[in-house]
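Here is a short briefing for a reader new to this structure. It starts with strands and sheets, then turns to single residues and rings.

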Amino acid sequence: VNNAGTLALNTSLTLGGGGLVTLNNSNLIEFQTAGASGISGTTPINNTGTIRSVHGGLVTISAPTLTNTGGTLEETSTGTLNLGSTTTNYSGTTTILGNAVNLFVGTHNFATGSVVNGQLNLNSNATANFIGTTQTNGQFNNASNQPLTINGGTLTLNAGMNWSGSGSIF
């Protein structure tokens with residue numbers, strides 16, 4: 001499924017297909033009302049566009065794999081956007097808008113050369129792997145109890161880090 005327009009959600013979206021279908025977003029997926037609490041199911045999601053929550057509630061993305069290649073993740077109100085896929089892969093420049101976009105659970109892999117613009121929140125049950133050289137240009141809040149791995153490169157924190165979790169760095 002290719003979304004090159006606006007996918008405006010007023011209810012939650014469950015995607016089946018057992019991995020035989022992929023949701024490719026190159027423009028906008030927008031959660032507009034409190035009934036739109038997320039995307040779940042067995043379908044991987046590829047994002048080069050924007051995933052946005054505007055309604056002020058909790059939105060959770062829990063696909064088996066979310067691949068964010070230069071996309072934007074945005075929470076525009078008082079709600080929370082949780083990224084809770086089993087595996088989330090980042091490459092290129094990821095823009096995070098809002099203070100309540102959370103790497104919630106699962107494993108988050110940042111490819112070499114990745115740049116994160118905006119506040120990066122790593123929650124208690126999420127694991128982050130920084131492969132090669134990665135930089136963050138917003139505050140990095142690490143509340144994870146899982147390992148933080150810097151694999152073969154450098155993690156540059158241009159706006160600093162708050163460390164409140166009990167995980168370790170490898």
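Two strands pair if DSSP finds at least two bridges between them. Strands themselves are DSSP runs (E, at least two residues), as are helices (H or I, at least four), and both are numbered from the N terminus. This is a predicted model, in which local features need pLDDT of at least 70, side-chain atom pairs count only at pLDDT 80 or more, and totals for chains, interfaces and linings use all residues. Residues are numbered from 1 along each chain as its sequence is written, and side-chain values use heavy atoms, with hydrogens and water left out.

**Overall make-up**

- The protein has 22 strands and zero helices.
- The radius of gyration, taken over C-alpha atoms, is judged by a globule rule of 2.2 Å times the number of residues to the power 0.38. For 170 residues a compact globule would come out near 15 Å, and the protein agrees, because its own value is 15 Å.
- The C-alpha trace spans about 40 × 35 × 25 Å along its principal axes.
- Buried means under 20% relative accessible area, exposed over 50%, and partly exposed in between (1.4 Å probe, protein chains only). By that rule, 44% of the 170 residues are buried.
- Contact means heavy atoms within 4.5 Å. Among contacts with a separation of 6 or more, 15% join residues 24 or more positions apart.

**The eight-stranded open sheet**

- Strands of a sheet pair through backbone hydrogen bonds, either parallel or antiparallel.
- Here eight strands form an open sheet with parallel pairing, in the order β2-β5-β8-β11-β14-β16-β18-β21.
- Its edge strands are β2 (6-9) and β21 (155-157), each of which pairs on one side only.
- From one strand to the next, the twist averages 10 degrees. The axes are lines fitted to C-alpha atoms, for helices over the stretch in contact, and angles run from 0 to 180 degrees between N-to-C directions.
- Inside this order, β16 (residues 115-117) and β18 (residues 134-136) run parallel and are joined by two bridges. Val115 stands opposite Gln135 in β18.

- Strand β10 (residues 65-69) has Leu66 and Asn68 on its covered face, while Thr65, Thr67 and Thr69 make up the uncovered one.
- On one pairing, β10 meets β7 (residues 45-47) in the parallel sense over three bridges. There Asn47 has Asn68 as its bridge partner.
- Five bridges join β10 to β13 (residues 87-91), again in parallel. Thr69 has Ser91 of β13 as its bridge partner.
- Is Asn68 buried or exposed? Asn68 counts as buried, because its relative accessibility is 0%.
- Beyond its neighbours within four places in sequence, Asn68 is in contact with Asn47, Leu73, Asn89, Tyr90, Ser91 and Thr94.

**Aromatic rings**

- Rings of Phe, Tyr and Trp (its six-membered ring) pair if their centres lie within 6.5 Å; planes under 30 degrees apart count as stacked, over 60 as edge-to-face and the rest as tilted.
- The structure holds three aromatic pairs. Tyr90 and Phe110 form a stacked pair, because their ring centres are 4.3 Å apart and their planes meet at 10 degrees.
- This pair links distant parts of the chain: Tyr90 is in β13 and Phe110 is in β15 (residues 101-110), 20 residues apart.
- Tyr90 is buried, with a relative accessible area of 3%. Phe110 is buried too, at 1%.
- Phe130 and Phe140 make an edge-to-face pair, 6.0 Å centre to centre with 70 degrees between the planes. Phe130 sits in β17 (residues 120-131) and Phe140 in β19 (residues 140-142), ten residues apart.
- Both Phe130 and Phe140 are buried.
- Ring pairs link Tyr90, Phe110, Phe130 and Phe140 into a cluster.

**Ser164, after the strands**

- Ser164 lies in the segment after β22 (161-163).
- Ser164 counts as exposed, because its relative accessibility is 63%.
- Apart from its neighbours within four places in sequence, Ser164 is in contact with Asn142 and Ala143.
- Ser164 and Pro44 are 120 residues apart along the chain, and 31 Å separates their C-alpha atoms.
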